[in-house]
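Dear colleague,

I am handing over the structure below, and my notes on what was found in it follow. Please read them with the sequence and the model side by side.

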Amino acid sequence: MIRSIHQEPDPAERMRSADRIYDALRALLEPAHKGEIVAIDVETGDYYLGRTPLEACDKGRAKHPDSILACKRVGYPTALVVGGPVLT
């Protein structure tokens, strides 16, 4: 399925969907994958783990090339920090 830009959810709605899916996955992901990036397909609920957003999204796009993905850092409130300390 080819998606036009007008069919994609707005970024805020995409993150709300990703947050709901992440909350359902939290108990599964956080003990074993804290600090990794999870790319969440907001339409299917599928998720892909990686060390970087690019790695996680590449895994998702390999399975579903037209997927709409949102990234979160497992166990942290934000995926990336600009100009701040490195999360370990």
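Helix H1 (residues 11–33) lies across S1, S2 and S3 and runs at about 45 degrees to S3, where contact means heavy atoms within 4.5 Å, and where axes are lines fitted to C-alpha atoms, for helices over the stretch in contact, with angles from 0 to 180 degrees between N-to-C directions. Helices (H or I, at least four residues) and strands (E, at least two) are DSSP runs numbered from the N terminus. H2 also packs on the sheet, touching S1, S2 and S3, and its direction makes about 145 degrees with that of S2.

This is a predicted model, in which local features need pLDDT of at least 70 and side-chain atom pairs count only at pLDDT 80 or more, while totals for chains, interfaces and linings use all residues. Residues are numbered from 1 along each chain as its sequence is written, and side-chain values use heavy atoms, with hydrogens and water left out.

The sheet itself is open, with three strands in the order S2-S1-S3 and antiparallel pairing (two strands pair if DSSP finds at least two bridges between them). S2 and S3 are the edge strands, each pairing on one side only, and the twist averages 25 degrees from one strand to the next. S1 and S3 are joined by five bridges, and Ile40 has Ala70 in S3 as its bridge partner.

In helix H2 (residues 53–63), the buried residues are Ala56, Cys57 and Gly60, buried meaning under 20% relative accessible area, exposed over 50% and partly exposed in between (1.4 Å probe, protein chains only). Seen down the axis of H2, these buried residues fall within an arc of 95 degrees, so they line one face of the helix, the arc being that of the directions from the helix axis to the C-beta atoms. They pack against strands S1 (37–41), S2 (47–50) and S3 (69–73), whereas the face of H2 turned away from the buried side carries the exposed residues Leu54 and Ala62.
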